[in-house]
Amino acid sequence: MTTSILGLFQQPEPAADAMDGLKEAGFELGTFDVLTGTPYPEGAFGEHVPQHRLFRFPAFGAIIGFTLSIFLTAATQLAYPMVTGGKPILSIFAMLIIMYEMTMLAGVIATVIGIIFESRLPNLKPGVYDTRITEGWIGVVITFDDESKVADAENVLNKAGALEIKHA
Amino acid sequence: MQQRRELDQVYTNRKLLNGQLDTPKWWAPTVAILGIAVILGLFVIATMINKGLGVTGLARPVYWGLFITTFVFWVGISHAGIMISAILRLTQAEWRRPVTRAAELLTVFSLLTALVFPLIHAGRPWRIAYWILPYDFARGIYPNIRSPLIMDPVAISTYLTGSTLFLYVALLPDLGNLRDRTTGWKNAMYTVLALGWRGNPRQWKMQTVGGILLSALMLPIFVSVHSIVSWDFAVASAVEGWHSTIFAPYFVIGAVHSGVSAVVTMMALMRWLWGWDDFIRPEHFDALARLLIVVATGWLGFTFLELIFALYGQDAPEIALREMQILTWPWNLLFIIFLLTGYLIPVPMWLFKRVRTNIALMFWTSILVNIGMWLERFLIIVPGLARRTPFVYTWEAYRPSAVEWTILVWSFAWVTFLMLLFSRFFPLVPLFEQKESQVFTDDVMIGRAKVPAIVREAE
């Protein structure tokens, strides 16, 4: 059964020490994480820097939007092919404006989906947490498959100066 | 310019969530009064739809009047959000932090309000569906995508959707904060809306990278929206004063001028009403006023360019229109008020730091700008149509009716009502941005001077 514990700190330095201690104690990257109520500079806690593929989302969305917009603008004109002033049925410049807007719209929607997906949200089982984190406390959370390691993790957190340890 | 003020996170939560956790005493009566005004306005709109556009002052040849003027005005105000939020985020301007949420919110609510005007202006709003949506399968008649009147709703709905999503994504950390501070049904609501936000490095990284990415995507939309609104006029080659090639950039910069001024108005109100003196400080007004000086001067340049291009061609009808717009009663009075309020009074005042850091003066000058900017749109739209031209056999002077004025006033009550309603449930200043500023800023000694230094990126 998966279980997790949360060590709470008031300052970033001991939280960073706890993260280092967990690495030294052989905990795998990805099994422990730091929770804060505000963004800290990347690497402030020596944490694992997450890789992401967010940049692919707007490109993917834009391609879908562009394709749909070609279909929509061309089809609406071809479905009612009224010649105006001897000009071609498909009015390219006017189409470009709608195509531009639809491409951008799909790009934005896909980016927002990407942000939510890459943030691993919605998170229906958030696990152990403390509301003081949004008051400036810093949480170091460790997830275990093997409960025999709980004591090791608690030792590391206590050694680093955790003010409190919570269990899921 | 950056002033250092050490504020702990508990204090920041308590102060910036005072609208959600403890309702201020003035909130309920103000919302009630605005609510009554909103209902009265909706009643007038319903009456107008029932009776028809005959209750307005619109008459041949002026069929675009107060409603379209107010539509352009609110679209203009909506440009505040992206100007402030996206550009300042991309350039990592530190003073953006207390401003962004209010600006994004103003974008969403003013766009929602702007959309009402073309709908009611059409007289029979339900028929707009035929005009905009490609769904008339039975008769095979679809929207004419060559018309700016189709491009316009497409651009505005893109902007509205994008801005709303942008607002929501940036709200996620604060929703997590509200979830942690509430109980009962409010806690349940914030828990659902926060989507399980915890504040781990991955989520913060997505906020930063995603914020920049969305800003970069929203900027071209922001430019396109008011450009397309301007084409509603600029492609009407039969109306002198409208068919100008500089309308797109002219409208965009005018929109930024009015939008940023509206943000100043809103910031002053937020500081006074919620007592956020520690967060919305004179330095923020100073920075906004400096930005406004540049924007306003660029806009004034376009105003004169429009006149110069019109007069340089020595086209008789165009000259006659300008003569009417600038020299003939009552347009000349409106033109003078427009120029005074839009530029000549506020901008010279903003040149002085004492004015830029005086919040009351900034509040009143920003209101002056928006009076001027509303008049600018009115002076572009109405005289162009009102000038007597050949081959038009009936003629009436346009006098906006009480119905039109009431709906104009309603739009202000509606936007304020929506803002206050939002403020009851969601923070108007992004808390995590404020706290980030505390984490990323420290004092360093240079010689004997203590200077606030800001960390941008860790190595």
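The structure is a predicted model, and it scores ipTM 0.93 and pTM 0.92.

**Domains and overall form of chain A**

- The domain assignment of chain A gives two parts, of which domain 1 is built from two stretches of the sequence, 3–38 and 136–167, while domain 2 covers 56–118.
- Between the C-alpha centres of domain 1 of chain A and domain 2 of chain A there is a distance of 49 Å.
- The radius of gyration of chain A is 26 Å, whereas a compact globule of 168 residues would have a value near 15 Å.
- Taken along the principal axes, the box filled by the C-alpha atoms of chain A is roughly 85 × 30 × 25 Å.

- Of the 168 residues in chain A, 41% are buried.

**Where chain A touches chain B**

- The contact between the two chains draws on 53 residues from chain A and 52 residues from chain B.
- On the side of chain A that touches chain B, at least two residues each come from strand E2 (32–35), helix H2 (56–79) and helix H3 (92–118) of chain A.
- H3(A) gives the most to this side of chain A, supplying 16 residues.

**Confidence and a helix in chain B**

- Chain B has a mean pLDDT of 90, with 98% of its residues at 70 or more.
- Within chain B, confidence is lowest in strand E2 (residues 449–454) of chain B, where the mean is 76, and highest in helix H14 (residues 346–350) of chain B, where it is 97.
- Helix H9 (residues 201–234) of chain B has 34 residues and spans 49 Å from its first C-alpha to its last, which is close to the 50 Å expected at 1.5 Å a residue.
- H9(B) is also mostly covered, with 26 of its 34 residues buried.

Notes
Residues numbered from 1 in each chain as written. Chains lettered and ligands numbered in written order. Predicted model: local features only at pLDDT ≥ 70, side-chain atom pairs only at ≥ 80, totals over all residues. Domains from an automatic or database assignment. Rg over C-alpha atoms; globule rule 2.2 N^0.38 Å. Buried ≥ 20, exposed ≤ 12 C-beta atoms within 10 Å, placed from the backbone. Contact = placed C-beta atoms within 7 Å. Helix = DSSP H or I, 4+ residues; strand = E, 2+ residues; numbered from the N terminus. pLDDT = per-residue confidence, 0-100. Expected span 1.5 Å × (residues − 1).
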